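Hello,

Here is the structure for you to look at. My notes follow below it.

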Amino acid sequence: MKRESTYGIMAEFTSAQALVDAARLTHQAGYQKIDAYSPFPIEGLAEEIGFHYNEVPLVVLIGGIIGGLTGYLMQYWMSAVDYPLNIGGKPYHSWPAFIVITFEMTILFAGISAVFGMLALNGLPMPYHPVFNVPRFSSASKDRFFLIVFSSDPKFNPASTRQFLEGLAPRSISEVPS
Amino acid sequence: MDEQYKTAVDAERAPVIGPGYTFGTVTEKISAIVLTRPASNGWFVGFGIAFLMTMMMLYAIGFLFLKGIGIWGVTIPIGWGFAIVNFVWWIGIGHAGTLISAILLLLRQSWRNSINRFAEAMTLFAVACAGIFPAIHVGRPWLAYWLFPYPNTMRVWPQFRSPLMWDVFAVSTYATISAMFWFIGLIPDMATLRDRATHPAARIIYGALSMGWRGSARHWHRYETAYLLLAGLATPLVLSVHTVVSFDFAVGIVPGWHTTIFPPYFVAGAIYSGFAMVLMLAIPIRKIYGLEDFITELHLQNAAKVMLATGLIVAYGYGIEAFMGWYSGDRYDAFTLWNRLHGPYAIPYWSLLICNIFIPQVLWIRKLRTSPVALFLISGVILVGMWLERFIIVVVSLHRDFLTSSWGMYYPTRWDWMTYIGTIGMFLAAIFLFVRLLPMISIFEMRTLLPEAEVKE
């Protein structure tokens, strides 16, 4: 794979509104591989850069189903199959008594899936990322908003993309080295 | 954010956040407490006392391991003394944190954003304190791991029909989910601290904890989904935890335990004591660290209202217990009621009614709901009252059961008290460390409350 010398071109904005507007215009201009960075979640921003659905709910659903089955089958197997023990004359397979642990295991597995699924889908932990090379980017966790067009975008051209981003009235423009 | 709610609040009551803040100033104000503010002498004194109390707890537990539970006041018929009282008390306190972080998130109560972080921390530390007690009260604490279903050479498995086993799963799931929920909420703020910190070690530690968070829109999208789903999972979980704790009692046939009102009234009591603890922590913290603009009068008032409502549910629970004692016609239940009112533990029972039902009614007065000093004192009273409630449930029910030959009395020993007071020290020591090492208010969620965060399509 050919290694680009530039990772992308990044524009800095001072308000959430400006970032959302810029993201919409950039996406409408035909740029596909873009991303936006903000210090807090902005409703609708992901949609503006063309990211509509995420797989976290599916991961959580699968985790929950696995957890519930694990919880119930574990109790069934241990109490009725592997070592049936008569306790107070209760049936070996006392399903009503198994519901609580089944429920807790469903929640446990679903919760673990939510956390680790989200991190894995986001590719985290990732201690190094090229955008951190931009000195101004440290404000992305405080009060600044950034939009990047990646050099892998088919429409990317160092000169014309920069010119396009300058047309969006950003506070600053930086080239992100790869 | 919920527009209607916010405008309604702006119009008639204290705002959810003080005026004049920007993204930058909110960030600086909260992160400065961790990054630049030097630790005061007061902090060192407070932490030192809490640390000594923790050492006292470790000493008491060490002596317990050496001698066995004979050093405690527990004897047959009262086999569940302070250990279970304190376990239920602590786990109940933890519930308010999950209520604030999960249930109020689902209900879109934006005022939760400034108190959820330390309420979750409180949950975590309270559950840690709670977890000590069942482990050390089993008699042979070095074998407490037998409670978990692991393949073993004895080839036996735990007894899954027992509420005590349900408790193991409920509490350990609760501890895990609470810890993950807290950590996930911290990730974006860790990135903020990573970018603000000047000390190299702080940069590395906060950087590692932030996992390389960069605030990408795609990441936020998945993050918000996961956060919301976790809240949705934590909501039934938190209700189930105290329900299962109440099953420990309600499934037994002891008079005073065997009742179906226990699950809802335990959950209400848990939230009641939890909000009291939230206020007891929030009121001094907002004063000392000058956070009155973030934890405003509105937060105090709302917490007071939650306490008032859950306190009334608890009062209803006591009323139903008394009513059923009379109405059921069961002489043992009737005797339980008579014994609570007139028996050897009448003083704790009347104190309980005063602390949990009568004194908190002053919260109907608006002036007291908005006075930090009054709320602090009332919260303390409620915490004492809720502790007494668990004492009444555990000890008073056990000391008089069906046969007069198996009646007895329970007198806590100094080791009981040292362990209990020691866990309070451990809890406070953890809180002291928390306010210095981590942002105690969620910075990124506070940013979303600012007017400039609003975006129009």
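Helix 9 and helix 10 of chain B are roughly antiparallel to each other, a label for angles over 145 degrees. This is a predicted model, in which local features need pLDDT of at least 70 and side-chain atom pairs count only at pLDDT 80 or more, while totals for chains, interfaces and linings use all residues. Residues are numbered from 1 along each chain as its sequence is written, and chains are lettered from A and ligands numbered from 1 in the order in which they are written.

The helix pair in chain B

Helix 9 of chain B covers residues 262-288 and helix 10 of chain B covers residues 297-327. Helices are DSSP runs of H or I with at least four residues, strands are runs of E with at least two, and both are numbered from the N terminus. The two helices pack at an angle of about 150°, with their axes 8 Å apart. Axes are lines fitted to C-alpha atoms over the stretch in contact, and angles run from 0 to 180 degrees between N-to-C directions.

Among the residues that meet are B:Y265 and B:F275 in helix 9 of chain B, and B:L300 and B:M307 in helix 10 of chain B. Contact requires C-beta atoms, placed from the backbone, within 7 Å. The contact residues divide into 14 nonpolar, 4 polar and no charged. Here Ala, Val, Leu, Ile, Met, Phe, Trp, Tyr, Cys and Pro count as nonpolar, Asp, Glu, Lys and Arg as charged, and the others, Gly among them, as polar.

Chain A

Chain A has 5 helices and 4 strands, in the order β-α-β-α-α-α-β-α-β from the N terminus. The C-alpha trace of chain A spans about 80 × 35 × 30 Å along its principal axes.

Regards

How values were computed
Angles under 35 degrees count as roughly parallel, over 145 as roughly antiparallel, 65 to 115 as roughly perpendicular and the rest as oblique. Two residues are in contact if their C-beta atoms, placed from the backbone, lie within 7 Å.
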